[in-house]
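Have the viewer open as you read.

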Amino acid sequence: MANKKRIGILTSGGDCAGLNAAIRSVVYAATNLDWEVIGIEDGTAGLLSRPMRYKVLTRGMFDTTIMRLGGTILGTTNKGNPFRFLMPDGSFKDLSDDIIAGLRELKLDALIGIGGDGSMDILRRLSQQGKFNLVGIPKTIDNDLGKTESSLGFETAVFVATEALDRLQPTAASHDRVMVLEVMGRDAGNIAITTGIAGGADVILIPEIPYSLDKVAQKIISIRENEGRNFALVVVSEAVKTVDGKAIKVEHEGGEKRYGGIGHYLGELIAEKTGFETRVTVLGHVQRGCAPIASDRLLAAAFGVHAVELVAAGKFDRMVAWSNRSVIDVPIKDAIASYQAVDLNGTLVRTARSLGICLGD
Ligand code: F6P
């Protein structure tokens with residue numbers, strides 16, 4: 001068949017819920033057109049290995065259990081920027097040409113890359129350097145990629161974090177405690193503010209709004225003194241800074257930085273300032289590894305189908321996106337350029353304030 005194509009697909013960056021559902025959707029839509037789908041393992045790492053690591057993905061591999069599973073059957077990596085790859089001797093090397101050589105050897109008509117802003121940027125640079133056809137599918141629990149209302153994995157992460165608040169509330173009430181829940185999200189407070197509103201938090205701290213510890217303490221004390229309630233729920237986003245403006249980060253081999261620790265830091269200060277017994281839960285990767293909720297499965301299905309439609313139409317350098325209940329597509333460069341943090345004048349901030357939730361300011 002003249003139009004028969006061979007396309008590649010990879011997942012890149014941190015895993016999240018909905019990746020397997022999106023891979024399945026691409027495989028179904030592409031094989032319906034009689035195309036061949038090559039699943040590349042561990043993101044660009046599979047293209048750097050020699051022999052390369054990949055497998056032909058067939059419909060038969062996708063029984064109905066796979067779309068329900070968290071993680072990614074292809075594997076992924078959020079380390080190893082190919083333009084600055086950490087070598088075993090500690091030096092850095094540009095391995096972009098090796099990846100491009102790998103892609104050429106696979107003779108792909110197009111590559112579908114499922115990733116967040118960092119991965120989209122790397123894949124786009126590779127596609128321009130290697131002149132191959134790229135379509136992006138957005139995924140990130142942080143929901144910080146622009147031009148799409150939602151990225152794969154975000155809604156599920158919020159669901160998990162909200163469920164955590166549902167579980168923390170009765171134990172907080174039973175023991176007269178403040179419960180601090182630290183959630184992920186990198187530099188964007190999207191998970192924190194959405195979860196905090198949905199889960200009935202009293203305080204939500206996000207990186208976009210500088211906080212005063214006194215304001216947080218006043219809110220918690222007034223809950224006890226004015227509302228007669230003996231517990232409080234606090235949600236804090238991992239990139240919120242210390243009172244003296246420092247981010248709590250750990251630097252890993254290769255220079256990647258990971259946030260973590262602000263929950264415990266604030267927990268101690270809140271206990272000191274309010275006299276409330278305080279406990280801290282750091283939700284961490286629990287937000288990533290679970291089965292996708294229905295809305296993420298729907299997004300995955302629509303994104304996968306539209307990515308294949310873009311390849312069929314010869315529209316490249318574009319990312320599928322969600323807008324106004326529909327799937328659309330946007331230039332990848334625009335999505336990367338328009339970082340999506342919490343809108344300080346938007347619905348979520350206004351809603352939180354009107355509900356009396358303390359945002360720390
Ligand atoms: O970008 C997704 C994310 O889960 C962030 O929210 C978090 O800061 C980071 O990845 C954690 O990365 P890792 O899996 O390397 O610990």
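Predicted model: local features only at pLDDT ≥ 70, side-chain atom pairs only at ≥ 80, totals over all residues.

Residues are numbered from 1 along each chain as its sequence is written, and side-chain values use heavy atoms, leaving out hydrogens and water.

**The pocket**

- The second largest pocket holds about 390 Å³ of space (a pocket is an open set of points on a 1 Å grid over the protein atoms alone, where a 1.4 Å probe fits, with protein on both sides within 12 Å along at least five of seven lines; the volume is the space filled by probe spheres set on the points).
- Its lining (residues with an atom within 4 Å of a point) runs to 18 residues, with Asn143, Glu149, Phe154, Gln340 and Leu348 nearest the centre.
- α5 (154-175), α6 (190-198), α9 (294-313) and α11 (347-354) each put at least two residues into that lining (helices are DSSP runs of H or I, at least four residues).
- Sorted by class, the lining has 7 nonpolar, 8 polar and 3 charged residues (Ala, Val, Leu, Ile, Met, Phe, Trp, Tyr, Cys and Pro count as nonpolar, Asp, Glu, Lys and Arg as charged, the others as polar).

**α5 against α6**

- The axes of α5 and α6 (lines fitted to C-alpha atoms over the stretch in contact, with angles from 0 to 180 degrees between N-to-C directions) come within 9 Å and cross at roughly 45°.
- The two helices, α5 and α6, are therefore oblique to each other (angles under 35 degrees count as roughly parallel, over 145 as roughly antiparallel, 65 to 115 as roughly perpendicular and the rest as oblique).
- On the α5 side, the contact (heavy atoms within 4.5 Å) involves residues including Phe154, Ala157 and Leu165, and on the α6 side residues including Asn190, Ile191 and Ala198.
- The residues of this α5–α6 contact split into 7 nonpolar, 5 polar and no charged.
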